[in-house]
Amino acid sequence: MSEQKTASFGFRDVPEAEKEGLVREVFSSVAARYDLMNDLMSAGVHRIWKDAMVEWLNPQPGWRVLDVAGGTGDIAFRIADMARARGGDAEITVCDINPDMLGEGRRRAEEKTEAAISWICGDAEKLPLPDGHFDAYTIAFGIRNVTHIEAALREARRVLKPGGRFLCLEFSRLAVPGLDALYDAYSLKLLPKIGSWVAGDAESYRYLAESIRRFPAREAFAEMIAAAGLAQVKIRNLSGGIAAMHSAWRI
């Protein structure tokens, strides 16, 4: 008999078929507290990182942009605002596998009276979208949660137009010697406790912290992006490597 395939879920290995459901439970739990979750994970700096991501993307009026795993709209709203500041609307599609996250995004869009964004429920590994359609594909703090990262990267390439831009923002590993132990103590030990006190949910925050450690190092992730057929891969570290941006192009 062949061995059952497994996937990482934090520090645990779980049957591959179960990971999607477990991740869905985590994000359903934190959807209404998404900003709080990211504030705790990054000490509030995630807002600066997201601004930096959209500035590097430099969205233009008339672009078709796909934001994957962005259900609450944090990146999409920034893209919409920047394109509009440059003279017109971009056509933005948010695709997220979690209906609760999408519900939060739609609620925020109504509050902002933001009409330039479409919201669809879909899997990053099997996007329900046509080939060669988008000028840009963005994903922020989402790709480490998919079961098959390689499949998600191939899908990113598939839906991009030739000349289209891939841009990923994700937690990474500190590039500053000596701070690793302090960061580990905060994220692995203190963060779940804070999650329990503030949000009544220690386990979701424990998974989110552990998932960072299981995600490939920035150089290895860059190699995965290139292997998926995307070119000119570049990396920018943020806050000493706590997070990193990976940029690439469909040639």
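Let's start with Glu 114, which sits in the loop between helix H5 (99–112) and strand E5 (117–121). Helices here are DSSP runs of H or I with at least four residues, strands are runs of E with at least two, and both are numbered from the N terminus. Glu 114 counts as buried because its relative accessibility is 13%; buried means under 20% relative accessible area, exposed over 50%, and partly exposed in between, with a 1.4 Å probe and protein chains only. Not counting residues up to four places away in sequence, Glu 114 touches Phe 77, Ala 80, Asp 81, Arg 84 and Ala 109, where contact means heavy atoms within 4.5 Å.

A word on what you are looking at: this is a predicted model, in which local features need pLDDT of at least 70 and side-chain atom pairs count only at pLDDT 80 or more, while totals for chains, interfaces and linings use all residues. Residues are numbered from 1 along each chain as its sequence is written, and side-chain values use heavy atoms, with hydrogens and water left out.

Next, find helix H6 (residues 149–159), whose buried residues are Ile 149, Ala 151, Ala 152, Leu 153, Glu 155, Ala 156 and Val 159. They pack against strand E3 (64–68), strand E6 (134–140), strand E7 (160–171) and helix H9 (218–227). Val 159 counts as buried because its relative accessibility is 0%. Leaving aside neighbours within four places in sequence, the contacts of Val 159 include Leu 66, Leu 127, Pro 130, Phe 134 and Tyr 137.

Now for the empty space. Rolling a probe the size of a water molecule over the atoms shows where such space is left. On a 1 Å grid over the protein atoms alone, a cavity is a set of points where a 1.4 Å probe fits but cannot get out, and a pocket is an open set with protein on both sides within 12 Å along at least five of seven lines; lining residues have an atom within 4 Å of a point. Grid points are joined across faces, edges and corners, and a volume is the space filled by probe spheres set on the points.

The structure holds four cavities of 30 Å³ or more, and the largest cavity has about 350 Å³ of space. Among its 22 lining residues, Val 23, Ala 69, Ile 97, Gly 142 and Asn 145 are closest to the centre. Helix H1 gives the largest share of this lining, four residues.

The largest pocket has a volume of about 200 Å³. Of its 13 lining residues, Ser 8, Lys 19, Arg 144, Ile 149 and Arg 214 lie nearest the centre. Ile 149 is also one of the buried residues of H6. Helix H8 gives the most to the lining of this pocket, three residues. H8 also provides the largest share of the lining of the second largest pocket, five residues, and about 150 Å³ of space lies in that pocket.

Finally, what about the cysteines? The sulfur of Cys 95 is 7.3 Å from the closest cysteine sulfur, in Cys 121, so the two are too far for a bond. A disulfide is a pair of cysteine sulfur atoms within 2.5 Å, and by this rule the count comes to zero. Cys 95 is buried, with a relative accessible area of 1%, whereas Cys 121 counts as partly exposed at 46% relative accessibility.
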